Each structure stands twice: as C-alpha cells, then as structure tokens.
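Here is a quick look at the overall build of a two-chain model. Have the sequence and the 3D view open while you read.

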Amino acid sequence: MRRLSLFTKCLIIFVVLWLFLRFFIGGVWSVPLPASVISMYLGLILLAILVHVSVEDDRFREFLRPVKETLADENRRVRRTVLFVLIPLVILGLAFSRLSTKADPPAALRTAHPAPPTELKYRDKVIGPTQEVENPFRHLEKDDQEAFQAHVDNGRRVYYQNCFYCHGDDLDGEGHFAHGLNPPPANFQDPGIIPNYQESFFFWRISKGGPGLPPAATPWDSAMPVWEDHLTEEEIWDVILFMSEYTGYRPRTFGEAEH
Amino acid sequence: MEKQSYKNTLLIVIGNLILLLAVFSITAFAQGKTAPAASEEGKALYDDKCAHCHGIEGAGDGSAAENLLPRPRDFTRGLYKIRSTESGQLPTDQDLFDIISNGMPGSSMPAWSEILSEGEQWQLVAHIKAFYDGFEGASPRLIDVSGKVPYSEESIAQGKEFYTNLGCVDCHGVIGRGDGTSAPDLADEWGFRSWPANLWEQWNYRGGSTTEDIFKRFIGGIAGSPMPSFISSFRLGLTDEESARMNDLELKMDGDGLSDTEEEEYAALEEKLFMFEDIMLNVEEGVELTPEEQTKLDTALEPILEKSWHLANYVKSLGPEERPPAAVGDKVLRSQYRAEGLPGMNDEAWNEIQEVSYFPLVGQIVIDPRQFNPSIDSVTAKSFYNDNEIVFLFTWDDRTKTLPQTDDETGETVEDALAIQFPVKISEGPTDPKPYFIYGDSRPVYLWSWKVAEPSTVIEMNAKGIGTATVQADQAPIQAEGVYKDGQYQLWIKRSLTTEDRNDVQFAPGVFIPIAFSAWDGSNGDVKTKRAISTWYTFVLDPVPSNKRFVYPPLVALISVGLLFGLRSSVRRRQNT
C-alpha cells in the first residue's frame with residue numbers, strides 16, 4: 001500500500017475528530033453539543049494542523065504537494081474534474097440547508113450545583129456560616145443510636161409526604177411528577193450528588209428551593225419548593241439524615257479535602 | 001440378576017423423577033412462579049421500601065397515603081386490582097410479582113424491577129401475602145386467554161358496538177376519555193374517589209396495555225374499584241335473544257303486566273337462569289363440575305369471551321401506548337405562517353398540523369394550598385399566524401365539566417379553567433432572567449385567563465408572583481371560544497401579534513417565547529393555587545422560509561467554482577515560471 005500523503009493524514013485526523021465530537025462526545029457519552037461549540041473546536045483543530053504543517057518549509061511543501069498536483073497536473077484530470085464539480089455542489093447544498101432549517105430552541109444552559117451563600121439561614125434566622133454548620137442531629141449517630149433512628153424515621157416520613165412526588169420512591173429522581181419537570185429532579189442515588197456536598201448545602205437547597213438559587217442556576221425554572229414555608233428546621237435536618245441513611249452515601253463533612 | 005433388577009428399579013425411579021419434574025415445571029410454567037415462605041428479610045425490605053405508603057401492617061395507611069390518589073393498596077382484604085385470575089379470585093403470586101416489578105403506571109407505585117433483585121421482589125410477594133389469611137391454600141382460577149381474537153378493523157368495529165351497548169360509556173364516556181355521566185361520583189371499596197380510566201392514555205393503564213392485559217381486566221374486573229367483571233353484565237345461561245326477550249318482559253311486567261303465556265315464558269327463562277346459578281355456585285365453592293355442567297358453562301362463556309376480545313381490540317385501538325414526548329427540542333411548538341387566513345375553531349385547516357405539541361402538567365405543590373393529585377395531566381397546542389394575528393388551539397382532557405359550584409370540602413367556589421402564561425418581557429438568552437414559572441416574581445408575567453362559565457371570553461391579566469394576578473384595565477380585543485366535548489376541552493384563542501399595551505407579550509417571528517400553563521379541574525377541588533401546572537416551555541412563530549435560499553447558495557457555489565479555477569491557474573502559472 002502506498003504511504004498516505006501528509007495532506008490525507010491531516011484530512012483523516014480532522015474528520016475523525018469531527019466525528020468524535022459530533023457523535024461520541026455529543027451522543028454516546030453525553031448530550032449533543034451545540035453546533036457553535038463544535039465549530040469552535042474544529043476551528044482550533046484546523047489551526048493546530050496548519051501550525052503543525054507550516055512550521056518547516058519542507059513539511060509545508062509536502063503538505064501542499066498533493067493539492068497542487070490535483071489542481072494542475074495533467075494526469076490528475078479525472079480527480080480534478082470530480083472535485084471541481086463536487087466541491088461547489090456540497091457548498092450549494094450546505095448553504096441551502098442552512099437557510100432552510102428552522103431555528104433551534106435556545107439551549108438550556110445552567111449551573112446544576114451552584115455554590116451556596118456564605119450564610120446559612122432558616123427563614124430569616126441565621127444559623128451560621130454555610131461552610132461550618134453541621135447537622136445538629138448527626139452526632140446522635142455515635143452518642144444515641146435510638147434518638148438518631150427516631151430522627152431518621154421522622155426524615156423518612158417527611159420525605160414520603162413531601163419529596164417523593166418528584167425525587168421518587170427510591171430517591172432516584174424518578175417520582176411520578178418527574179416527567180413534567182425541567183430541570184429534572186435531583187437523583188440522590190447518583191454517587192456524584194450526596195458525597196460531594198455538605199449537609200449544610202442540602203439544608204440550603206431544601207429550605208430556599210428553586211427561588212433561592214443564584215441566576216446562573218435559572219431559579220425561575222426550578223420547581224423545587226421553598227420548603228422552609230412547609231417544614232420545620234428539624235424536619236429539614238431529619239430528611240437529610242434519611243437521604244443519607246437510605247442511599248448509604250455520606251455527605252461531605254467540614255474540613256474534608258476538596259474532591 | 002439381582003443387580004439387573006436393582007438397576008431397573010433405579011431407572012424407574014429416575015424416570016419417575018424426571019416425569020415428576022417435568023409435570024411440576026409445566027404447572028409452574030402455566031401458573032408462573034410461586035413465592036417463597038415469608039421471611040425476616042422480606043419484612044425488612046417491606047418496611048424500608050413499601051411501608052411508608054402501604055403501612056407497616058399492610059393496611060394501605062402509611063404516612064404518605066393521605067396525599068395519594070389512587071390510595072396505596074390495603075393488603076389486608078385480599079382485594080387486588082390487577083390479576084390474571086377470574087372475578088372474585090385472589091391474584092396469583094406471579095400477578096403480585098408483576099405489579100411490584102412493573103409498578104402501576106399512572107399511580108405513585110413505581111416499577112421496582114430496576115431497583116430490587118428478582119429474589120427481593122419475591123420476598124416482598126411473600127410478605128404481602130402474609131397480610132391476608134385467605135392466601136393460605138388458595139388456588140385461584142386463571143382467566144383463559146386461549147381464545148384470543150386477532151386485532152382487525154372488523155373486530156374493532158364489533159368491540160366499539162359492545163362498548164356503546166354494554167354500559168362502558170356510563171363511566172368511561174362516549175369515546176372513552178373517562179368522562180361518563182357517573183364519573184364524578186365513583187368511589188372504591190374504601191370510600192376514596194375513583195376516576196374511571198381515560199382509555200386514550202394507555203401509558204396510564206395500571207395493569208399494562210397489551211390486548212391480553214385489557215382482556216383480563218374485563219373478565220376479572222378490577223377488584224375494589226367500581227370496574228366490574230364483564231361477565232356480570234350478562235345473564236349467563238341465556239342466549240342474547242333470550243336475554244333481550246327477558247328484558248322486554250321485565251319492562252312489560254313493570255308496565256302493563258304480562259299475559260299468561262308471557263308469564264310462562266318468563267318462568268321458563270328464569271328456570272334456565274337458576275340452573276346456571278347452581279353451576280356458578282359450584283364454581284365459586286370449588287366443587288368439581290360434572291362434564292355436562294362444564295360443557296354448559298363453556299358454551300355459555302364462549303360468546304362472552306369472544307365479545308371481550310373484540311372489546312379489548314377496540315380499546316387497544318384508541319390511542320398510543322406511550323406518553324407523547326414533551327414540547328421541547330425538535331418537538332417544540334411552532335406556530336405556522338398561513339397566508340390563506342387563520343382558521344376558526346372547527347376549521348379543517350387545523351389538520352394541516354400533523355403533530356400537536358404536548359405540555360405535561362403536574363400538581364402545584366410549591367405554594368399552599370397544594371394539589372398533590374392533579375386530574376388534568378397535559379395541555380396540547382397547535383398554532384398559526386399571519387402578518388397581523390396569531391391563533392392557538394389548546395386542548396386538555398378533563399373527565400368532568402364543572403361550572404362554578406361550591407366545593408363540599410373547602411366551601412370554595414370551584415370551576416374548570418385554564419391560564420396561559422407568557423413573560424411580559426421576553427428574555428434574550430438562556431441566562432437572561434425569566435419570571436418565576438408560577439405567576440412570575442419581580443419580573444411580571446402576562447396571562448390569558450379562561451373560565452368555563454364564560455367560554456367565549458379570555459381575560460388579560462398580569463401577575464408579579466402567585467396571588468398577585470390582576471385583571472388588566474385595558475383589555476385587548478382577544479377572540480376566544482371554548483367547548484367541552486367527550487371529556488376534552490378545546491379552547492381557540494386569537495390575538496393580534498402586537499399590541500399597544502406595554503404589559504402584554506408581543507409576538508414576533510423567529511423569537512422563542514416562553515409559555516406555561518395552569519389548569520383547574522373544579523371537580524377535583526382545584527381553586528386558586530391548588531391546580532395543575534407546567535414549567536416553562538418555549539414556542540416560536542416559525543419564520544416564513546425566505547426566498548434568499550434560492551439566491552445566495554447558488555451564488556456561493558459559483559464563487560467557489562471561480563476560486564477553484566483561480567487556484568488552478570495560479571498554481572499552473574507558478575509551475576511554468
């Protein structure tokens with residue numbers, strides 16, 4: 001087999017990377033990427049390729065050789081004719097479809113897990129700095145198993161009277177209201193949720209709900225109620241204990257290293 | 001010699017064992033698996049996963065039960081809705097397993113198949129059975145599904161006829177949206193409200209939506225609910241003609257009275273019925289029927305089973321199996337430009353839009369009073385616009401038409417209503433703030449409020465937070481028409497694209513405009529904040545395809561040809577020099 005020319009190699013790299021972005025990253029691995037993001041990446045890739053081939057004169061000449069051959073050589077006539085017809089046709093098609101496609105709805109860009117405010121509050125009462133406040137009933141786990149269990153049980157009651165409509169029987173975000181919500185309810189069985197946040201973070205998210213989110217997290221879209229309107233402070237701490245007990249995930253504690 | 005006979009005996013024993021195993025596995029296969037003995041593990045699992053709804057003692061009275069409808073099952077009475085067994089029978093173990101595994105769509109019972117192992121689910125079956133003594137030694141009779149009638153247009157047509165004539169419409173409504181005349185007053189065995197199924201929403205069929213599933217619900221009935229076994233609607237032992245004749249005679253008996261010959265005729269028919277009742281009594285008590293009786297029973301049941309298959313095929317034909325996808329992404333609501341004029345409510349032109357946009361609704365549980373059990377589950381929409389105006393056709397299913405009336409429980413005046421919500425100012429990007437999805441906040445929303453009492457009026461409102469909705473002093477001329485038919489509201493609304501009022505939303509092509517809904521079902525106690533709501537969706541007035549697409553692309557293509565030739569000649573020139 002003949003060795004591939006530098007130009008063909010670069011072309012292959014470019015196409016493979018495009019396929020990777022379009023169908024692997026944005027498809028198999030994650031949700032489809034916006035076209036603008038893909039073209040940004042492709043621009044960078046193209047730039048990198050051009051820099052690579054133009055660093056040395058010889059390499060650049062080698063890179064351009066097949067292009068020049070195709071454009072001018074007599075014995076490349078067939079290839080040239082095909083390309084001279086194909087390229088304008090492809091451009092025609094792309095431009096036409098671009099002008100004919102319908103506008104895409106705006107992408108929902110939001111911060112899923114924003115930083116909490118520095119001060120943790122229940123209604124207007126300041127509890128303390130968010131970074132330092134601990135669940136006041138957590139210590140019972142060591143000190144008084146029975147009392148601890150009573151708090152967990154109370155949390156269970158609170159959860160199934162208030163939360164499971166959206167967050168689901170199994171705390172998996174698959175409650176019977178979930179299909180109608182966007183953003184979707186949090187899935188506490190996801191190992192990336194409970195272990196990554198302190199209990200005070202959950203207290204903040206539960207007590208202040210959707211409207212308590214910072215603008216980057218689109219507070220106007222979240223259906224999470226402001227639970228301090230419906231639950232007592234103790235009930236909120238209890239439901240956090242229950243979430244942790246049920247899923248087996250422990251919230252991060254103060255002083256633990258950042259992940 | 002002795003060795004030989006020993007071998008023979010061994011062979012016979014093994015042979016018998018194999019036979020026994022085969023027989024056993026065949027019965028096991030026919031009846032599904034059976035649950036293991038109740039165990040501590042089963043109880044622990046039950047207490048962790050089930051008790052918060054079904055109660056520690058299985059009485060359906062867990063802490064969550066109060067706010068759920070349908071209520072969690074009370075296991076202490078042996079009444080199970082979804083069974084593969086005949087009317088009045090207990091479910092099989094496999095039935096219970098299937099319910100745990102698949103959940104009950106349309107209720108709060110989730111599918112546990114992905115969460116618990118098969119073994120764990122069987123342990124739960126065992127534990128649940130222990131709540132009711134009647135399971136001991138019970139061998140429920142299975143519904144015979146062998147006579148399945150294939151799905152065909154003909155069968156559907158027959159099924160439709162039975163649907164209309166056999167009383168289904170009383171609860172499920174003329175075309176099956178669960179809006180029958182008795183729908184508002186139905187209650188289950190425990191006295192809780194029971195909504196007849198909306199047969200168009202197969203994704204909510206509690207026991208699945210295959211034709212066999214539907215057939216089993218007809219034959220077995222839905223125990224504990226007002227849904228009877230289909231068989232009970234017939235006079236077993238009489239032919240259709242005899243049954244009709246008996247009806248006539250009964251009518252006459254109540255009216256003019258019967259002649260002597262008619263009296264005799266009636267007595268003869270009654271005799272036939274009584275004979276059959278004896279057979280049914282034997283069946284009920286598990287007494288083995290004589291071959292003659294069995295034949296009689298089979299002959300009597302055959303036409304009923306066949307009718308049930310037709311009926312099942314009809315019900316199956318009513319709607320899609322899956323809930324439609326929500327109106328996001330490529331399903332987003334697109335108002336179509338229509339130069340030929342905007343259609344009125346009943347215009348054929350609406351059929352030009354094949355796919356309606358589907359907006360799921362959920363209960364409003366953010367602000368008191370809350371609605372944990374909404375009865376309206378979605379709004380659908382289509383829309384057209386032209387250079388001056390925009391027109392919408394909204395539909396939503398509601399099993400009851402409720403004109404303003406006093407709610408028995410709360411004393412509030414309730415009625416059916418819909419509100420369509422837009423932001424006053426349309427945000428310019430995904431991070432540009434929008435008003436809060438329930439009636440806005442410091443950023444106001446613009447509302448179209450429609451109520452059933454005045455079906456041709458839409459009132460313009462503004463709100464800056466829930467409870468702050470105010471009627472605009474300056475009402476733009478909005479045309480509206482609302483109609484209730486067969487369990488569904490249709491609401492047609494037309495407004496000019498733009499208005500002079502700064503508090504109105506302004507519609508312009510190509511702009512994605514947020515839209516949200518609130519729906520009230522008066523019969524479900526909906527009033528004020530207690531209602532069904534949607535989150536924000538967006539819709540767009542699809543821009544008219546521009547003629548530019550016939551100009552620019554060829555131009556660009558031509559330029560590219562020119563460039564290619566230019567490149568070629570420049571390369572050649574350099575090579576020649």
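What radius of gyration does chain B have, and what would a compact globule of 577 residues have? Chain B comes out at 32 Å, whereas the globule would sit near 25 Å. The radius is taken over C-alpha atoms, and the globule rule is 2.2 Å times the number of residues to the power 0.38.

Before going on, note that this is a predicted model: local features need pLDDT of at least 70, side-chain atom pairs count only at pLDDT 80 or more, and totals for chains, interfaces and linings use all residues. Residues are numbered from 1 along each chain as its sequence is written, and chains are lettered from A and ligands numbered from 1 in the order in which they are written.

On secondary structure (DSSP runs: helices are H or I with at least four residues, strands are E with at least two), chain A has eight helices and two strands. From the N terminus, the order in chain A is α-α-α-α-β-β-α-α-α-α. Chain B has 12 helices and 16 strands.

Burial goes as follows, with a residue called buried if 20 or more other C-beta atoms, placed from the backbone, lie within 10 Å of its own:

| Chain | Residues | Buried |
|---|---|---|
| Chain A | 259 residues | 28% |
| Chain B | 577 residues | 37% |

Note on methods:
Buried ≥ 20, exposed ≤ 12 C-beta atoms within 10 Å, placed from the backbone.
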